[in-house]
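Hi everyone, thanks for coming.

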Amino acid sequence: MKTVRQVAILDIIEKQNIETQEELADALRQRGIRVTQATVSRDIKELRLLKVLTPSGAYKYATADKAENGLSERFIRMLAESLLSVAASNNLIVVKTLSGSANVAAEALDSLHWPEILGTLAGDNTILLIIRSEADVPSVQTRLQEMMR
């Protein structure tokens with residue numbers, strides 16, 4: 001549950017300007033994640049989130065370390081930790097994830113902008129990747145499996 005929650009936190013702060021721990025806790029609750037302020041505080045510390053100044057003069061939470069495509073390295077690592085299995089058929093790849101993390105993981109995969117992936121569909125613990133061609137499936141599948149190691 002901790003990994004799912006922390007992946008959700010990173011997804012939330014990428015998409016929203018979150019100024020306070022209470023705003024972050026409310027955003028998590030809107031996603032169905034029950035959390036206390038103390039847990040949010042520990043997660044912020046573990047994720048090494050910083051408050052940065054926005055162009056409007058307000059502060060918001062952000063990650064300190066930015067990686068390729070603007071995703072934090074920790075976000076990518078937590079994505080990898082939520083992946084359980086990868087299987088392919090024709091030009092489709094099915095990825096099993098930890099319960100409750102498929103939506104965030106699919107969003108992270110979309111954010112990687114791999115040209116072979118046309119799109120993703122996510123449920124609670126399953127992601128369907130639609131791959132441009134059958135010839136592209138092995139390389140995408142290999143990258144996903146390497147991510148899981």
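Predicted model: local features only at pLDDT ≥ 70, side-chain atom pairs only at ≥ 80, totals over all residues.

Let's begin with helix H1, which covers residues 2-15. Those 14 residues reach 20 Å from the first C-alpha to the last, close to the 20 Å expected at 1.5 Å a residue. Now, how much of H1 is buried? The count is 10 of the 14 residues, so H1 is largely enclosed by the rest of the structure. If you want to find the buried ones on your screen, they are Val4, Arg5, Gln6, Val7, Ala8, Ile9, Leu10, Asp11, Ile12 and Ile13.

H1 also meets another helix, H3, at residues 37-46. Their axes come within 11 Å and cross at roughly 75°. Because of that angle, H1 counts as roughly perpendicular to H3. On the H1 side, the contact is made by Lys2, Arg5, Gln6 and Ile9, and on the H3 side by Thr39, Asp43 and Glu46. Sorted by type, the residues of this contact come out as 1 nonpolar, 2 polar and 4 charged.

Next, the strands. Here is a handy rule: in a regular strand, side chains alternate between the two faces of the sheet.

Which strands pair with E4? One is E3, residues 83-89, which runs antiparallel to E4 and is joined to it by 6 bridges. For example, Leu83 has Thr97 in E4 as its bridge partner. E3 and E4 form a hairpin with 2 residues between them, and Asn90 in that turn has a positive phi of about 55°. Another partner is E6, residues 126-131, also antiparallel to E4, with 5 bridges joining the two. In that pairing, Lys96 stands opposite Thr126.

Finally, let's stay in E6 and look at Leu129. Is Leu129 buried or exposed? Its relative accessible area is 0%, so Leu129 is buried. Leaving aside neighbours within four places in sequence, Leu129 is in contact with several residues, including Leu92, Ile93 and Val95. Leu109, Ile117, Val140 and Leu144 are also among the residues that Leu129 contacts.

That's my tour, so let's take questions.

Terms used. Residues numbered from 1 in each chain as written. Heavy atoms only, no water. Helix = DSSP H or I, 4+ residues; strand = E, 2+ residues; numbered from the N terminus. Expected span 1.5 Å × (residues − 1). Buried < 20%, exposed > 50% of the residue type's maximum accessible area, 1.4 Å probe, protein only. Pairing = 2+ DSSP bridges. Axes fitted to C-alpha atoms, helices over the stretch in contact; angles between N-to-C directions. Parallel < 35°, antiparallel > 145°, perpendicular 65-115°, else oblique. Contact = heavy atoms within 4.5 Å. Nonpolar A, V, L, I, M, F, W, Y, C, P; charged D, E, K, R; others polar.
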